[in-house]
Amino acid sequence: MANQCKSFVRSFATSAHRANVFNHVTVIGGGLMGSGIAQVAASTGHNVSLVDQNNTILGKSLTGIHKSLERVAKKKFENPTAGEEFVKNTMARISPATSPITCMANTDLVIEAIVEDLETKKKLFRELEAVAQPHTIFTSNTSSIPINDIAIASKRKDKFGGLHFFNPVPMMKLLEVIRIPATSDATYDKLLAFGKDMEKVTVSCKDTPGFIVNRLLVPYMAEAVRMVERGDASTEDVDTAMKLGAGYPMGPFELSDYVGLDTMKFILDGWSKNYPDNPLFKPSHLLDKMVAQGKLGRKSGEGFYNYNKK
């Protein structure tokens, strides 16, 4: 598997693809989010470099993308041959790499989707700053860390913003586009245009904690946990009430288990540390206890509900 990025232009690119605001996108992080972003970018005509630490991780990422594309093709094309060609062409636009540095010569847009740790992200962007082309725009897919705190590591704050995708990226149509005070209008317009190129519905937001969705969603889930902590209602009754009374497809506890209780705790802890006077961000003792016990939700088999039942 290739370890370095190559400059390439695919002969099969359509005129619509050539009209994309960015040609070469580098996605750093081959996890679920990064792989999903890379898949959608490639399927919409972008040349993509997908970066992670080693070829083993990248191999799993590419296998996952291929399987996902096959599912998309079955729904999108009646003609099996057309579907196979779609998968083949999309995969051909993705180049794996174990170092982002080797990709910077041709990169128009960087999308960082690595671990949610501020210092790790800042270190990455400091390294990229030294080698990226002057026109290259930097973005982060963080869901909880202020974009401006990450952008401090860069000298190109006018070319820095947030692109917050939602999991699973190929299915979720929303893209939150975040600007910091220093983000230029030209950069922001390009990020909005990129969202449309990716066939997403874009919404704009300032660099507020959690942006739009998580800022409303996480405190909502946290308050549901506090209700149970106080003995106001059971988890089952809260979920039933919100589904039948508010028309929500999932109750807050079902949703918390789906998101991951460790993810929810991580976000709350970060917000509580940065904004200690905001009661909406107050940590939950019950949530802390469950995470310590390894009850993380669906991914661990048990959270507020047990998913190991036969």
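Residues are numbered from 1 along each chain as its sequence is written, and side-chain values use heavy atoms, with hydrogens and water left out. Because the model is predicted, local features need pLDDT of at least 70 and side-chain atom pairs count only at pLDDT 80 or more, whereas totals for chains, interfaces and linings use all residues.

Helices (H or I, at least four residues) and strands (E, at least two) are DSSP runs, numbered from the N terminus. Two strands are taken to pair if DSSP finds at least two bridges between them. The model contains an open sheet of eight strands in the order β3-β2-β1-β4-β5-β6-β7-β8, and the pairing is mixed. Strands β3 and β8 (201-206) are the edge strands, each pairing on one side only. On average, neighbouring strands of this sheet are turned by 25 degrees against each other, direction ignored. Axes here are lines fitted to C-alpha atoms, for helices over the stretch in contact, and angles run from 0 to 180 degrees between N-to-C directions.

Helix α7 (residues 185-197) packs on the sheet and touches β1, β4, β5, β6 (160-165), β7 (174-179) and β8. The direction of α7 makes about 175 degrees with that of β7. Contact means heavy atoms within 4.5 Å.

Strand β2 (residues 47-51) is largely enclosed by the rest of the structure, because five of its five residues are buried. Buried means under 20% relative accessible area, exposed over 50%, and partly exposed in between (1.4 Å probe, protein chains only). Asn47, Ser49 and Val51 point one way from β2, while Val48 and Leu50 point the other way. Strand β1 (residues 24-28) runs parallel to β2 and is joined to it by five bridges, with Ile28 opposite Val51.

Phe138 in β5 is the bridge partner of Val110.

Leu128 is found in helix α5 (residues 118-129). Leu128 is buried, with a relative accessible area of 0%. Leaving aside neighbours within four places in sequence, Leu128 is in contact with Ile28, Pro100, Ile101, Met104, Val110 and Phe138. Phe138 lies ten residues from Leu128 along the chain, and the C-alpha atoms of the two are separated by 9.1 Å.

Helix α3 (residues 55-76) and helix α4 (residues 80-92) pack at an angle of about 145 degrees, with their axes 9 Å apart. The crossing of α3 and α4 is right-handed; a crossing is left-handed if the near helix is turned anticlockwise from the far one by less than a right angle, and right-handed if clockwise. Helix α3 contributes Leu62, Ile65, His66, Leu69, Glu70, Val72, Ala73 and Lys76 to the contact, and α4 contributes Gly83, Phe86, Val87, Thr90 and Met91. By class, this contact has eight nonpolar, three polar and two charged residues. Ala, Val, Leu, Ile, Met, Phe, Trp, Tyr, Cys and Pro count as nonpolar, Asp, Glu, Lys and Arg as charged, and the others, Gly among them, as polar. Thr63 is also placed in α3 and counts as partly exposed at 42% relative accessibility.

Several loop residues have backbone features of note. A cis peptide bond, with omega about -5 degrees, joins Asn167 and Pro168; Pro168 is found in the loop between β6 and β7. Glu199, in the loop between α7 and β8, has phi near 65 degrees, a positive value in a residue other than glycine. Phe211, in the loop between β8 and α8 (213-230), has a positive phi near 60 degrees. Glu199 counts as exposed at 52% relative accessibility, whereas Phe211 counts as buried at 3%.
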